[in-house]
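The following paragraphs lead through the architecture of one protein model.

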Amino acid sequence: MSSRRLRLRAEGWIVMWPFENDEYPEGYLLSTDQSGPNEPRSDYGRRHGVAVLHYRFGIAFAADRVRLPDGTRGRARSADIGRQHWRRPLNDRERAWSSAAVAIPIDWRWGKLIITPGDVIFEDDQSLPEVYFTGDNERLDRDLYQSREIKDLVVTMEGCNALYRLLVYGFWQRDPDDEPCTYMQDDAARTLATIRGLGERHYDLTNAGWLGYDGGEDHLMRRHLKRLGWHDVREQPIDTLFSESRPNESSETLELMRRMALFLVASVAALHILLAIAALAGG
């Protein structure tokens, strides 16, 4: 049995779903008339006719051989932790469940499962997922979402990385009096998932492990952001920032330096005078 599919731990089964060729470990599948596993396991499965529903810590999270709307059979997985939303891939079904699915990319259809003793059926729900923007970054989120150029870029792995880095490490401002838009990592990933419009959630991007690398697309993404009227306040030269916040700072600094120089000269002159007086008194 492949270690990729199954690791045995003291507390029970730890399952690496999906299984290769739908080959399940011995004792993994339980009958549908049982309320729970016979022995402590974190993961187990139940047959519903030809379909199999997979459970993790007592919560259904994935399903194999589900009947799809077109009559074929395929896999589905829970889309939101703790909710009854599910999703299925519309393209590239074999690679859809790999960790690199966000780079393919996969177009997901959200829906719900109808679970009966004899089958598991996936029903599409066109209203999910919702597109909404709230919070301090709503202004920038909406501009990004409405830009066709931005959307075409972030569907690619390079463009997605570029915008992620710029959002996480930048302080974006459109008007001088506005508070800059800043993003935490999950916030940036959530914005990217919404812009991509593929039915993803932020954990699809963060779990992949490749967000944040330098793909060389930053300059192109910056150009589009500037075209939308946004700039990173840190891009301004330091002397420009100082001059904008305190216009008279340069003259004040020069005056301070001049006074310090005069004080130093006066101090040295006074010291020489004192030494001369001391020498004459000693003579």
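His202 lies in helix H5, which spans residues 202–206; helices here are DSSP runs of H or I with at least four residues, strands are runs of E with at least two, and both are numbered from the N terminus. With a relative accessibility of 19%, His202 counts as buried, a class that means under 20% relative accessible area, whereas exposed means over 50% and partly exposed lies in between (1.4 Å probe, protein chains only). Not counting residues up to four places away in sequence, His202 touches Asp186, Ala189, Arg190 and Ala193, where contact means heavy atoms within 4.5 Å.

The model is predicted, so that local features need pLDDT of at least 70 and side-chain atom pairs count only at pLDDT 80 or more, while totals for chains, interfaces and linings use all residues. Residues are numbered from 1 along each chain as its sequence is written, and side-chain values use heavy atoms, with hydrogens and water left out.

The secondary structure of the protein chain comes to eight helices and 12 strands. Of its 283 residues, 37% count as buried. Among contacts between residues at least 6 apart in sequence, 50% join residues at least 24 apart.

In the loop between H1 and H2 lies Ser147, which counts as buried at 5% relative accessibility. Leaving aside neighbours within four places in sequence, Ser147 is in contact with Arg227 and Leu228.

H3 passes H4 in a right-handed crossing; a crossing is right-handed if the near helix is turned clockwise from the far one by less than a right angle, and left-handed if anticlockwise. On the H3 side, Cys160, Leu163, Tyr164, Leu167 and Val168 take part, and they meet Gln185, Ala188, Ala189, Thr191, Leu192, Ile195 and Arg196 in H4. The residues of this contact divide into nine nonpolar, two polar and one charged. Here Ala, Val, Leu, Ile, Met, Phe, Trp, Tyr, Cys and Pro count as nonpolar, Asp, Glu, Lys and Arg as charged, and the others, Gly among them, as polar.

H3 also meets H6. The axes of these two helices come within 9 Å and cross at roughly 65°, and the crossing is right-handed. Gly159, Ala162, Leu163, Arg165 and Leu166 in H3 meet Asp218, Met221, Arg222 and Leu225 in H6. This contact comprises five nonpolar, one polar and three charged residues. Leu163 takes part in the contact with H4 as well as in that with H6.

Several backbone features deserve attention. Most residues other than glycine have a negative phi, and most peptide bonds are trans. A cis peptide bond, with omega about -15°, joins Ile104 and Pro105; Pro105 is found in the loop between strand S8 (86–89) and strand S9 (108–116). Phe57 has a positive phi, near 55°, and is found in the loop between strand S5 (51–56) and strand S6 (59–67). At 64% relative accessibility, Phe57 counts as exposed. Arg65 likewise has a positive phi, near 55°, but is found in strand S6 and is partly exposed, with a relative accessible area of 26%.

Finally, Glu179 lies in the loop between S11 and H4 and counts as exposed at 64% relative accessibility. Glu179 and Asn137 are 42 residues apart in sequence and 9.6 Å apart in space, C-alpha to C-alpha.

Note on methods: Axes are lines fitted to C-alpha atoms, for helices over the stretch in contact, and angles run from 0 to 180 degrees between N-to-C directions.
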